[in-house]
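Subject: Structure handover

Hello,

Here is the structure for your files. Please open it alongside this message.

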Amino acid sequence: MRSWKLAKMSMVFAPRLAESAPTSHVGASWSPYDNNGGTCVAIAGADYCVIAADTRMSTGFSILTRDYSKIHHITEKCVLASSGFQADVRSLQKNLDARHQIYQHQHSKQMSCPAMAQLLSNTLYYKRFFPYYSFNVLGGLDNEGKGCVYTYDAVGSYERSGYSSQGSGQTLIMPVLDNQLKSASPLVLPPRESSTPLTESEAVDLIKDTFASAAERDIYTGDGVEIVIINKEGIRRETMALKRD
């Protein structure tokens, strides 16, 4: 009789215990990051720098906007192009703008491009334990008026080179730039000029060709390309339409 009562009680309370027990969602996950795609390219010449980025911003297989600028003007001779998680990119841009404004108040002049390159490296490295999910290319003119390009990873490691690419189309564009420009290795001694032998117009045409090619294969690159040319006369901007599918 007693065993029958225990069995009956277990039948009554078992469903209630099951309802109160915490449920585990197998496979559920959350990430503070997203990858909004996009491609950035920069080429440095003897007295100019050309930096470009496409205007598509995506998430997954959805296009959020077709007219989003990934290029940020920091100084009169320094421009930053960034791909990756655009919320982090915007936060990074605001940080650099604030630091540059402080520098201007203290020194009564704008920061040079090499100095900005070091500042960007320090800023990325400072956030290395919860990094900005951004992949950056910094371009402009150095103190001697020569074109310079700095390329970065997510935690601030960087190098100066004659050309670079970042973003979802990097693996499609870099082989073309390597074939056409063949920049000298920084390990070769004596050191050689990192700038490319192309003229300004040739560099712009090469960038247009690389973006047109990348847009054929990369679904996160397309709609349009924004091209910024920096030389001794100032900053000039051009645009070109890309595939919209």
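Below is what came out of the analysis.

This is a predicted model: local features need pLDDT of at least 70, side-chain atom pairs count only at pLDDT 80 or more, and totals for chains, interfaces and linings use all residues. Residues are numbered from 1 along each chain as its sequence is written, and side-chain values use heavy atoms, with hydrogens and water left out.

Confidence first. The average pLDDT (the predictor's confidence in each residue, from 0 to 100) is 87 for the protein. A score of at least 70 is reached by 84% of the residues. Residues 4-9 stay under 50, and the model gives them zero contacts beyond four places in sequence. Contact means heavy atoms within 4.5 Å.

Now the overall picture. The protein has five helices and twelve strands. These are DSSP runs numbered from the N terminus: helices are H or I, at least four residues, and strands are E, at least two. Of the 245 residues, 42% count as buried. Buried means under 20% relative accessible area, exposed over 50%, and partly exposed in between (1.4 Å probe, protein chains only). Among contacts between residues at least 6 apart in sequence, 64% join residues at least 24 apart.

Next, the cores. A nonpolar core is a set of buried Ala, Val, Leu, Ile, Met, Phe, Trp, Tyr and Cys residues joined through side-chain atoms within 4.5 Å. The largest has 21 residues. Ile 43, Val 50, Leu 177, Leu 181, Ile 207, Phe 211 and Ile 227 touch the most other members. β1 (39-44), β2, α4 (170-181), α5 and β11 each give two or more residues to this core. The most come from α5, with six residues. Phe 211 has contacts beyond four places in sequence with residues including Val 41, Ala 52, Val 225 and Leu 242. Another core lies apart from the largest one; its 18 residues include Leu 96, Ala 117, Leu 120 and Tyr 152.

Asn 136 deserves a look. Strand β7 (residues 134-141) holds this residue. Asn 136 is buried, at 0% relative accessibility. Its side chain makes a polar contact of 2.6 Å with that of Ser 82. A polar contact is a pair of N or O atoms within 3.5 Å; within protein, one must be able to donate a hydrogen and the other to accept it, and residues adjacent in sequence count only if both atoms are side-chain atoms. Asn 136 also contacts Leu 120 and Tyr 152, among others.

Last, the charges. There are ten salt bridges, each a side-chain nitrogen of Lys or Arg within 4 Å of a carboxyl oxygen of Asp or Glu. Asp 223 pairs with Arg 56, the closest N and O atoms being 2.8 Å apart. The two sit 167 residues apart, Asp 223 in the loop between α5 (200-217) and β11 (224-231), Arg 56 in the loop between β2 (48-54) and β3 (57-59). Both are buried.

Glu 200 forms a salt bridge with Arg 236 at 3.1 Å between the closest N and O atoms. This pair joins helix α5 to strand β12 (residues 234-241), 36 residues apart. Glu 200 is partly exposed at 21%, and Arg 236 is partly exposed at 35%. A salt-bridge network links Glu 200, Lys 208, Arg 236 and Glu 238.

Best regards
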